[in-house]
Amino acid sequence: MFVSLASPRAGSALTREMSRESLVILAERTRPISSSQTRLLPVAAPLADLFPDRSLRRGSTIVVTGTGTVGREGTTGGGTVSGEISLALALLAQASQAGSWCAAIGLPDVGAVASHGLGVDLVRFALVPRPGPVWAEAAAAMIDGTDLVVLCPPFPPRPAMARRLIARAKERRAVLIVVPGRAGWPECPDMRLTIDAIHWDGIGSGEGYLRRRRMTVTATGRRSAARPVQQHLWLPSPTGSIEGTASTGGIMDAESTAAESTAAISTAPGRPR
Amino acid sequence: MDRLLVVRCPELLEEDEGGAVLRSFIRVIGAVETYCPWITAVRPGICSLPARGPARYFGGEEALVELIADVTSGITPVEVGMADGLFASVLAARGGLVVPAGGTREFLAPFPMGVLGNPELAELLERLGIRTLGDFASLPESHVLGRFGADGVVCHMVASGQSGELAEPGGLRLSTTGRRVDQLRNGVPAAAGQSGFWGGVSDTDARAARALTAVQHLLGPDSVVTVRLQGGRNPGEQARFVTWNAHETPDTTTIHAPWPGRIPPPAPASIHTVPLPAELIDVAGAPVTVSGRGLLTAIPSRLSVERCPWTTVTAWAGPWPTDERWWSRSRRRSARMQVVTDANAHARLLLAERGRWWVEATYE
């Protein structure tokens, strides 16, 4: 694939000239046609440990569910309440800041201030609040043109439809983040993030106010990600962003070393590799 | 009305079974796109693009028309023209004309009624001695509405240059074709590096713009929105939804001024565009309300949203009374309260107004 460089002989002007020429050809060949040529998209540091590449893999599908989502019909009003949307928005943030376009389909109530607080660049954030019966077509169109698509299907998707969207994301090298809510998602994703152990802090019986929410996110995936990985998070943190909790090694930032991150992961027991 | 450049390919107006026509058409679109990324496929053989920016860049409208004609004529015979609005632009393209801005009415005046694509109306008007768009446009609009109804008014507005496009389904825009062309075209990678010419449009932005336009074709122009932040007291006021428009660069300024009485951060991730009715009761099952002094009448014990089963309230904060627009007749007295249920797992922002509770936002 690559141009083979002439064997480097230091000091030879001719060789250097040739190398430079080959380098130009090489650069031309590897020049990205668009940014979609890169394989990975960045993800917020506190979430990175959940993913085998510490980033979002292009072409993959991620399903985000809360513990109460399955079989919750009629138990709580007002759509999802377990942090799925917050987590989905948090997944967008880093890539969005890096210049990727993001889309949210079927989320009529998404909070702009919260999205902004989590780090989503609102300039490159397109919403299709009410896609109606053609939601799958709208999602397919968005997959064609944006790097990350959050989809909350308004109706239960048929397996064939779900498969088509997964295949589309793979082909177009987008990341499809599904928040199934009550509609469900019939297909097995590349990665499943399950939210658990949610607890709001800072509020009492008529005193204080909602300050931050602790949650545990468990990631299970295929192949290299088959081993479940757990991460304790503040989502949102008191400032509306996302942070790792103190119990998992404190607030981690982009500079946190690999050793710290490894210490921060607590793996779920029981599943043999 | 938009200043539009229209490329009309007379040989590509009828689709064939093999799809060769559509493929040639996509090549035409691709060629035009090298110069402007915002192109729209109107129907097989006709595509349009907003011309204002490109015309400025390429040294005038005539120059742009010539340039586009040059780059596309190698693929198929083309007719290129420019005018205000799609209807006039297509007619201008047929004559290869550039109709000056604001000159639509004069330009359209000599055309026969038939061009409006409404044979019934044309026949009726012809019997009344009205044979051209100019004659039709000179009729008072109120009379047109009275005699010919809403359809007639749409045609009248087009004829008089007030509107750029006939309403569907009699109009020019066949959305299914546009959609199919867009889908096919999205399979063809955009010409790399050609789109960053003006307005700082990057490849990524152009690709996204095409996808967003495709969704607008599918669901209507208002279906795709972006959000802007603004000052406001309650979460709903702090954001403004703006219909996405390919021709506008979004305004990126955000306001960070403090707003007194604002609910403290973090902000809720779900703000219900239509508040959800809720009921809040105390231990005895009696409804909890906010008194005139802004205090709760009892300690809340259970919450039900949208008539779903009761959940136990484990914590709450507030109420915080708001008295908005106290100077005007649209005065609103209300109170907000954060309520947490299910062992501190689920949090909501409740609004009390006129003795009733609503879920205004969910800390999703």
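Biologist: Which helix is Arg105(B) found in?
Modeller: Arg105(B) sits in helix H5 of chain B, which covers residues 104–108, and please keep in mind throughout that this is a predicted model.

Biologist: Let's move to H1(B). Which of its residues are buried?
Modeller: In H1(B), the buried residues are Leu22(B), Phe25(B), Ile26(B), Val28(B), Ile29(B), Ala31(B), Val32(B) and Glu33(B). The helix has 14 residues, 20–33, which at 1.5 Å a residue should span 20 Å, and this agrees with its end C-alpha atoms being 20 Å apart.

Biologist: How do H1(B) and H3(B) cross?
Modeller: Their axes come within 9 Å and cross at roughly 135°, H3(B) being residues 61–73, and that angle makes H1(B) oblique to H3(B). The crossing is right-handed.

Biologist: Which residues meet there?
Modeller: From H1(B), Val28(B), Ala31(B) and Val32(B) meet Ile68(B), Val71(B) and Thr72(B) of H3(B), and the residues of this contact divide into five nonpolar, one polar and no charged.

Biologist: Switching to chain A, how do H5(A) and H6(A) run relative to each other?
Modeller: The axes of H5(A) and H6(A), the latter being residues 159–172, come within 9 Å and cross at roughly 10°, so H5(A) is roughly parallel to H6(A). On the H5(A) side are Ala136(A), Ala139(A), Ala140(A), Ile143(A) and Asp144(A), which meet Met161(A), Leu165(A), Arg168(A), Ala169(A) and Arg172(A) in H6(A). The residues of that contact divide into seven nonpolar, no polar and three charged.

Biologist: Last topic: how many residues of the two chains are in contact?
Modeller: Across the two chains, 58 residues of chain A are in contact with 57 residues of chain B. H5(A) gives the most to the side of chain A that touches chain B, with six residues, and that side divides into 29 nonpolar, 24 polar and five charged residues.

Key. Residues numbered from 1 in each chain as written. Chains lettered and ligands numbered in written order. Predicted model: local features only at pLDDT ≥ 70, side-chain atom pairs only at ≥ 80, totals over all residues. Contact = placed C-beta atoms within 7 Å. Helix = DSSP H or I, 4+ residues; strand = E, 2+ residues; numbered from the N terminus. Nonpolar A, V, L, I, M, F, W, Y, C, P; charged D, E, K, R; others polar. Expected span 1.5 Å × (residues − 1). Buried ≥ 20, exposed ≤ 12 C-beta atoms within 10 Å, placed from the backbone. Axes fitted to C-alpha atoms, helices over the stretch in contact; angles between N-to-C directions. Parallel < 35°, antiparallel > 145°, perpendicular 65-115°, else oblique. Left-handed = near helix turned anticlockwise from the far one by under 90°.
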